[in-house]
Structure formats: C-alpha cells, structure tokens
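Here are some notes to read alongside the model. Each point takes up one place in the chain.

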Amino acid sequence: MIPPEELQRGLKSRCFGRRIHSLPTVGSTNTYARSLAASGAEEGTLVIAEEQTEGRGRQGRNWHANPGENLTFSIILRPNIPPGKINLLPLGIAVGAAHGLRRATSLPVCCKWPNDLMLGGRKLAGILMESALGSRGFEYVIAGIGINVNQLVFPEPLHLRATSLALHAGHAFDRTAVLRSLLESLENEYLSYNSAGLTGILPSWLALSPIV
C-alpha cells in the first residue's frame with residue numbers, strides 16, 4: 001500500500017489528497033467515495049485501494065488491475081458548474097491526468113474520447129465520473145481513475161489493447177511519485193476550469209488527442 005504520509009510528503013496540492021482513505025481491498029473506490037461524499041466529506045478527499053473486487057469502467061465494464069502494481073483511486077469533487085456543462089468535466093479530468101503522467105514519466109500520454117488515456121496506441125488508463133444532483137446543482141462528483149503503472153502481463157483479450165507505463169518505458173515507476181504528480185496536475189486543471197466555467201477544456205483536450 002502507498003502510505004498516506006509518504007504521499008503527502010512534498011505534495012503541493014491545496015486540497016487534492018489532503019484527506020486520504022487508503023485501503024488494501026475495496027469493492028469500488030467510486031462506491032466508497034460516494035458514501036463519503038454523501039456524508040459530507042470535503043472536496044479533494046482521496047480514496048485509493050490496492051485491489052478493487054468490483055472495479056468498474058464505463059457502461060458497466062469491469063476494470064482489471066493487478067494489486068500492488070497500478071493506481072486505482074477516486075477523488076471527491078464539489079464543482080461550481082451548471083448542470084448543462086457537466087459533460088465537459090471528464091475532459092478536464094483527462095487533461096489533468098495526462099499532464100500529470102507526462103510530467104512524472106516524460107512519456108507521450110494522450111487522451112482518447114470519451115474517457116481513456118492512451119500510450120503507444122494502447123489503453124493506459126480509464127476515467128469513470130459519477131455524480132449526485134441536488135436542488136441547487138451538483139452535490140458532488142466522483143472522479144474515478146485507474147492507471148496501469150507497473151503491470152507487465154494482461155489477461156486475454158486485454159493484452160492486445162492494453163499497456164502500462166512500465167511496459168512502454170521498459171522500467172518500473174515509483175507509484176507514489178506518479179500519484180503525487182497526478183494529484184497536483186488534476187487539482188490545477190480542475191480549479192482552473194471550475195473558476196473559469198469550464199472555458200478552454202475542449203481546446204486543451206484536443207491538443208492532447210491524436211485522433212480528432
């Protein structure tokens with residue numbers, strides 16, 4: 001497991017990762033984070049798990065990740081965004097994640113519609129956004145992210161379309177350092193877009209997408 005105190009050492013974010021729930025095993029980090037958010041957990045609260053037994057992707061697909069080799073986490077957001085524009089938020093999260101991974105690894109991570117990060121033409125990471133709408137707008141949004149970091153072998157048929165940072169680079173990465181970079185970049189993008197009303201998300205996403 002990634003020790004919270006080690007992750008927070010040198011972390012430059014203001015709220016992302018300042019409250020951490022680190023779990024060895026959980027059904028789904030998104031489900032766990034939703035329960036925390038519904039109970040009033042503050043924005044930026046991080047839920048990270050070594051293993052998800054019910055990890056989910058878009059449209060109910062399963063998310064496969066070997067324990068101890070990858071990053072599977074969720075962040076609680078409380079955006080000041082009109083409901084009609086919330087569909088742009090996943091693009092901003094993808095941009096933040098791509099920038100964070102590029103900064104941590106120097107690898108050319110790209111974005112792919114609607115919620116994937118790609119590396120060398122193969123899927124590196126997935127993003128799952130879930131939200132709760134109240135009478136005055138969004139009560140909270142959960143940004144769930146799964147990233148293949150050091151996994152070298154994938155089950156069929158994933159081995160034909162999945163990759164990891166380690167597979168692409170030829171060496172393992174420090175997951176704590178990668179996560180720290182991700183949290184800082186995600187917060188920078190999120191706060192920027194949140195304050196500006198999501199202006200600029202699409203151009204930023206397109207600049208990181210090899211397929212337009």
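Predicted model: local features only at pLDDT ≥ 70, side-chain atom pairs only at ≥ 80, totals over all residues.

1. S106 sits in the loop that joins helix 3 to strand 4. For comparison, most residues other than glycine have a negative phi. S106 is also exposed, because its relative accessible area is 66% and the cut-off for exposed is over 50%.

2. The peptide bond that runs from W113 to P114 is cis, with omega near 0°. Most peptide bonds are trans. P114 belongs to the loop between strand 4 (110-112) and strand 5 (116-119).

3. Is S164 buried or exposed? Its relative accessible area is 0%, so S164 is buried; the limit for buried is under 20%. S164 is in the loop between strand 7 (137-147) and helix 4 (165-169). A polar atom of the S164 side chain lies 3.0 Å from the backbone nitrogen of L167. Setting aside neighbours within four places in sequence, S164 is in contact with L119, L124, N148, V149, N150, Q151 and F154.

4. Helix 5 covers residues 175-195, which is 21 residues. At 1.5 Å a residue, helix 5 should span 30 Å, and its end C-alpha atoms are 30 Å apart, so the two values agree. The expected figure is 1.5 Å times one less than the number of residues, because that is how the span is defined. Of the 21 residues, 16 are buried, so helix 5 is largely enclosed by the rest of the structure.

5. Which residues does H99 touch, apart from its neighbours within four places in sequence? H99 is in contact with S185, E189 and L208. H99 itself lies in helix 3. With a relative accessibility of 33%, H99 counts as partly exposed. H99 and G121 are 22 residues apart in sequence, and their C-alpha atoms are 17 Å apart in space.

6. L208, one of the contacts of H99, is located in the segment after helix 6 (201-207). L208 is buried, since its relative accessible area is 6%. Apart from neighbours within four places in sequence, L208 is in contact with V95, A98, H99, R102, V109, C110 and C111. L208 and K112 are 96 residues apart in sequence, yet 8.5 Å apart in space from C-alpha to C-alpha.

7. The last point concerns the second largest pocket, which holds about 220 Å³ of space. Helix 3 (89-105) and strand 6 (122-134) are the elements that give two or more residues to its lining. The lining of this pocket has 15 residues, and I86, N87, P90, L128 and M129 are those nearest the pocket centre. Strand 6 supplies the largest share of the lining, with five residues. By type, the lining of the second largest pocket has 10 nonpolar, three polar and two charged residues.

Note on methods: Residues numbered from 1 in each chain as written. Heavy atoms only, no water. Helix = DSSP H or I, 4+ residues; strand = E, 2+ residues; numbered from the N terminus. Buried < 20%, exposed > 50% of the residue type's maximum accessible area, 1.4 Å probe, protein only. Contact = heavy atoms within 4.5 Å. 1 Å grid on protein atoms, 1.4 Å probe; cavity = no way out; pocket = protein on both sides within 12 Å on 5 of 7 lines; lining within 4 Å. Points joined across faces, edges and corners; volume = space filled by probe spheres on them. Nonpolar A, V, L, I, M, F, W, Y, C, P; charged D, E, K, R; others polar. Polar contact = N/O pair within 3.5 Å; in protein donor to acceptor, adjacent residues only side chain to side chain.
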